[in-house]
Amino acid sequence: MVEVAIWGSLRVATEGRATVEIEAGNLRELLDGLAEAYPDLRPQLRRGVTVAIDGRNFNDHWFEPIRPDSEVVLLPRIVGG
Amino acid sequence: MSQIHVTTKINGDETEFLCEPEDTLLDVLRDRLGLTGAKEGCGTGDCGACSVTVDDRLVCSCLMLGAEAEGREIATIEGMADGEVLHPLQRKFIEHAALQCGICTPGILVAAKSLLENNPDPSEEEARYWLAGNLCRCTGYDKIIRAVMDAAAEMRGEIANDPDDSLRRAS
Amino acid sequence: MALDKQAETAKRQFKVVGTRPNRPDGIDKVTGRARFGADAVAPGMLTGRVLRSPHAHARIVKIDASRAAALSGVKAVVTRADFPEPPAHVADVLDNCMAGAKALYDGHAVAAVAAVSPAVARRALKLIEVEYEVLAHVTDVDEAMQPGAPVLHEGRTDETVPEGFSGNVISRCEFGHGDIEAGLAKADRVVERSFRTAATHQGYIEPHACLAQMGPDGQADLWCCTQGHYMVRNTCAAILGMEVGQLRVTASEIGGGFGGKTTVFLEPVALMLSKKAGRPVKMVMSREEVLRASGPTASTSIDVRIGMTKDGRITAGDAVLRYQGGAYPGSPVGMGSMSAFAPYDLENVRTVGFDVVSNRPKQAAYRAPGAPMAAFAVESVIDELAKSLGLDPLDVRIRNAAVEGTKSSYGPTYPAIGAKATFEAAKAHPHWSAPLGENQGRGVACGFWFNFGGDTCVTLNVNLDGTVSVSEGNPDIGGSRASMSMMAAEELGIPYEQVRTIIADTGSLGQNEVTDGSRVTFAVGLATIEAARQAIRVMCARAAKIWGIDEDAVVWEDGAAKPAGPNAGQFPPMSLAEIAAVASNTGGPIAGHCEVNAEGAGVSFATHIVDTEVDPETGAVKILRYTVIQDAGKAVHPDYVEGQFQGGAVQGIGWALNEEYIYGEDGRLQNPGFLDYRVPVASDLPMIDTVILEIPNPGHPYGVRGVGETSIVPPLAAVANAVSAAAGVRLTDLPMSPPKVQAAIQAARG
Amino acid sequence: MRYEAPQSVDTAVALLAEAAGSAHVLAGGTDLLVRLRSGHIEPELVVDIKRIEGMRAIVEEDGGWRIGAGVPSAELGEHAGVRGAWPGVVEAAGLIGSTQIQGRATLAGNLCNASPAADSVPAMVAAGATARIAGPGGTRDVAVEDIPTGPGRTSLRPGEFVASIYLPAPAPRSGDAYLRFIPRTEMDIAVVGCGVALTLDEGGTCIAARVSLGAVAAKVLLVGKAAAALVGTAVDDTALAALSAACSEACSPIDDKRGTVAFRTHVAGVLAERAARIALSRAKG
């Protein structure tokens with residue numbers, strides 16, 4: 001299981017929990033697992049998220065591996081200028 | 001609406017063109033003569049990207065009618081280099097990385113050339129005030145001013161042209 | 001792509017990277033030959049012009065363009081009715097390019113014409129009759145949030161927004177950890193202040209321009225100035241209902257962007273005009289159009305509360321950020337909220353952000369979108385706390401600096417970062433201890449930015465004479481072609497001059513993310529290096545074939561294939577040029593390419609020091625001295641790294657002092673020109689000193705971090721802290737234009 | 001639009017007088033072209049007066065200087081005679097826009113554009129300059145302060161144009177100065193402008209003064225009360241304070257994108273004092 005940190009305003013979708021546990025070995029499994037376990041997250045997942053895995057940000061790379069002890073933080077989609 | 005026939009000299013070449021009465025010199029240069037080095041950044045004389053000289057006087061070509069060019073001598077960025085040989089300002093701009101996007105560069109070079117013709121040994125402050133009408137949004141002006149001052153020094157013969165300049169500056 | 005595997009020692013000795021060669025496009029750009037957006041021409045070209053709303057908010061009851069269409073020389077008229085129903089992801093983009101049911105801001109496009117000359121196009125616009133039903137409008141962020149404010153869109157508020165706000169509040173976000181109230185209770189001093197920042201514009205000198213040609217077979221070509229021609233292609237194709245492969249977009253040279261050219265404004269309209277007219281259509285915005293109707297940044301209202309102990313430890317940081325991003329959802333408040341406290345190691349931190357719409361042009365990205373305003377508010381309060389407690393503002397920052405292993409204010413734990421290094425370098429810099437005169441003040445502030453990667457393609461061709469051609473898909477906005485050539489030369493072991501990099505059109509390479517997020521040197525550089533390595537593998541294989549030895553027994557060193565050790569056999573090295581010369585004999589042309597989603601960019605930090613002098617009688621502010629200290633990871637071409645530092649700092653100075661969008665009571669922009677939208681001019685500024693720190697990014701083979709955006713984050717606060725010190729009163733409202741500074745001084749001194 | 005570049009004053013006057021619709025005079029063009037290009041004006045005729053003999057000349061006349069309507073600011077700044085006589089006027093003209101603008105912008109154009117914020121006008125008013133107007137009825141000379149009547153409006157009659165500006169010979173022991181306030185160091189329109197010209201007697205007492213303010217009312221003001229505050233004094237701190245107060249009092253500005261009523265009123269006083277100090281030091285030589 002991977003522990004995923006949920007940002008404050010998104011916790012309404014995770015029954016108030018600041019972290020949730022998802023069975024996932026990579027980014028795609030993580031995103032699918034989140035949508036499955038917490039359907040209320042789906043609108044935000046559709047709007048886009050960035051996932052920080054061990055301090056580095058990933059937007060799209062499905063197969064980025066996630067270890068069970070990886071630090072995983074969900075963030076709103078970040079873009080540049 | 002009848003077009004106006006104008007005879008002028010551009011970068012030393014006798015040039016004739018027809019223009020509408022309301023065409024600016026910038027319109028004429030860019031759209032009728034294919035001299036697109038001068039840029040239209042604002043159309044109101046506030047950015048200097050369209051700078052040219054008319055009878056050696058620095059002006060914004062967006063604030064002059066094409067018809068007014070009759071009998072005048074106009075110099076644009078396209079006439080600044082002598083064939084393959086760049087003007088010292090052009091060379092120093094490249095060496096000092098005094099351009100990022102490059103859109104303001106032609107206007108600034110024309111203005112800087114005019115500065116050095118009027119004042120071969122400007123102070124940094126004089127250079128900054130002379131060029132205040134040329135907006136650059138990329139560089140913060142630092143490297144532009146350095147390039148102008150370095151070119152001025154070279155043109156005064158104070159610093160020999162150093163082919164290893166880039167190596168020296170890298171160390 | 002697993003980038004860690006590529007991470008190499010920071011001790012690597014570079015031959016090309018880190019030097020300052022001349023850029024390949026330099027001569028084109030100093031001779032006027034470089035072709036920018038408005039320099040394009042095509043045979044039979046028409047001029048396209050846009051009719052824009054004079055109202056801040058109005059229902060479009062009827063558009064009658066029949067008289068315009070009948071005018072001699074008019075070849076096409078376009079309104080929203082000409083566009084198909086757009087897919088959801090581009091619906092707002094289309095509505096911004098051409099208004100649908102309502103005009104949502106002063107300058108909103110409502111119709112367009114294509115005509116045989118600019119004069120005819122201008123006359124045609126005057127013949128288009130638009131019947132408006134003028135609606136109440138709102139342009140201020142705080143007013144837009146109030147219940148009862150005129151609402152731009154019904155039903156756009158998402159599930160994150162609590163009850164009690166107007167429909168203009170689109171979403172709410174919250175970040176942080178710990179217990180704010182418990183943290184504040186431990187503080188010896190708590191400062192709470194409210195801040196406001198005006199909307200500013202990127203101010204690129206080149207107005208938007210494009211040349212479109214669309215044939216009856218559905219194939220189209222578009223030439224435009226943009227930060228991302230692949231984005232232009234994908235967006236326009238979606239809006240026009242085209243297949244992506246039918247639209248080829250070529251990026252012209254780009255005259256500045258700073259985030260403002262990461263979306264489309266004219267391009268879909270030009271394509272539609274060309275489709276209807278059957279001729280090429282060129283469109284160029286005037287400066288007035290750029291300011292009224294492209295994408296400035298958000299204006300904001302921010303409340304900050306920070307507690308600090310007597311010895312300078314921050315016990316809690318709390319901020320509420322409200323950003324209006326113009327007429328459509330999408331202000332950068334999320335990134336502002338995430339970045340606000342990012343430089344610090346805090347036990348208790350919370351940021352709450354609100355995305356708000358108002359009757360202003362849809363914001364576009366502007367260099368580190370959202371971050372400078374947040375840093376302005378937070379860094380001002382930290383400065384005030386430090387001074388009121390008698391502490392050195394840099395000591396306070398060092399004391400609270402985020403380091404490797406710190407849980408950041410937005411969630412993730414940091415890997416190796418440079419925040420503390422920039423503070424310490426600032427503290428050690430002679431600028432920090434230089435004497436100041438009367439009416440002078442010094443300010444310091446820190447800034448953070450994420451930096452990005454994203455989809456990237458590079459193809460590297462080894463030519464028969466041993467020169468190398470690199471094709472990449474990101475417009476070169478500040479010297480990146482030089483950087484790519486340098487990285488290819490470094491990897492291949494050949495001189496910089498033997499590599500030429502070009503920007504390919506959308507038909508030549510796969511998808512490329514736009515030139516944004518400080519991503520190009522990082523991501524395109526990474527792909528260039530990988531493409532070079534692939535070419536090296538091919539060249540080693542060719543050498544092995546020639547020598548009749550195993551491929552694994554060949555290594556690449558100093559631009560040549562060599563047998564790997566004595567057991568591989570005795571062969572003289574084969575240079576790149578020698579291998580290239582016989583490529584046809586050994587299997588065919590040699591190339592390397594890389595297509596990658598280069599994620600995992602490294603965050604970066606900067607600390608700026610600035611001295612100002614304030615004229616107490618007039619409120620005029622002079623910038624006396626400025627120093628930028630920033631972590632670049634690895635500076636590939638230090639001239640262009642310094643240039644990014646300096647340019648960002650000066651844009652920030654403009655934002656701090658004089659740049660602002662000024663709206664009248666009528667909701668119309670009062671200052672749509674460079675005369676009254678006051679960007680810094682050369683005589684406003686001193687030299688901008690720079691210090692490049694190099695704390696390698698483990699996610700890049702050379703350690704590169706993005707550098708383009710972080711430099712605009714600290715200046716707003718640094719200048720505010722300096723002006724506040726010089727004026728003897730805290731300034732909290734940007735820009736700090738002379739009337740505001742003079743009034744604050746007068747109020748404080750009585 | 002029709003463009004004409006007549007060779008004589010009479011032809012110019014005839015063209016302007018005959019023009020059926022709107023006719024505009026083109027000197028430096030730095031204001032006219034902005035308005036033309038933005039569509040604010042749609043003239044039927046533009047009369048370029050720069051090819052008329054004398055329009056580009058600076059000539060000495062009765063110890064003063066007559067400046068043709070086509071003389072750009074930059075040429076004025078290069079003219080040692082004018083610079084020596086009226087440094088404040090030359091400096092004011094040198095503040096109009098950028099180096100590029102100064103290559104074209106003229107005193108006459110700056111005056112006839114009738115902006116209350118025109119930089120050269122308060123300086124010319126303080127200097128006691130007159131404008132020579134050519135028109136269907138011949139020529140007439142008018143005090144510069146009587147040309148603008150409000151924003152964008154002048155007292156010129158149909159067919160008339162300003163052919164030259166005359167700066168009189170300064171009296172001995174005179175000095176002038178012009179200061180303006182702008183948010184940046186260059187390129188802005190004056191938020192407040194102030195011109196001061198004064199003359200001292202041999203003992204250092206001010207015997208004549210003219211003080212003028214720009215951008216604080218619908219037109220450039222000649223502030224008699226401010227001048228009176230200086231006359232009869234040694235231009236000491238007390239007199240300067242009275243000058244400053246009189247200038248602030250004379251203001252009736254507007255709030256706009258460039259400044260507030262309070263700011264303009266306050267800064268008018270500040271600039272007046274500073275300009276008077278410069279004029280004083282020039283008068284003392």
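Reading helices and a sheet

Biologist: In chain C, strand E5 (109–115), helix H7 (229–240) and helix H8 (267–277) are what the buried residues of H3(C) pack against. Which residues of helix H3 are buried?

Modeller: This is a predicted model, where local features need pLDDT of at least 70, side-chain atom pairs count only at pLDDT 80 or more, and totals for chains, interfaces and linings use all residues. Residues are numbered from 1 along each chain as its sequence is written, and chains are lettered from A and ligands numbered from 1 in the order in which they are written. In H3 (residues 88–97) of chain C, Val90(C), Leu94(C), Asp95(C), Asn96(C) and Cys97(C) are buried (20 or more other C-beta atoms within 10 Å, placed from the backbone). Packing rests on contacts (C-beta atoms within 7 Å), and helices are DSSP runs of H or I, at least four residues, strands of E, at least two.

Biologist: What span should helix H21 of chain C have?

Modeller: The rule is 1.5 Å times one less than the number of residues. The 12 residues of H21(C) (738–749) should span 16 Å, and the end C-alpha atoms are 16 Å apart, which agrees. Gly750(C) follows, with a positive phi near 75°.

Biologist: How do strands of a sheet pair?

Modeller: Through backbone hydrogen bonds, either parallel or antiparallel. Here pairing needs at least two DSSP bridges. The open sheet E16-E24-E25-E26 of chain C has 4 strands and mixed pairing. Its edge strands are E16 (440–449) and E26 (688–693). E16(C) and E24(C) pair in the antiparallel sense over 10 bridges, and Cys446(C) stands opposite Thr607(C) in E24(C).

How values were computed:
Buried ≥ 20, exposed ≤ 12 C-beta atoms within 10 Å, placed from the backbone. Contact = placed C-beta atoms within 7 Å.
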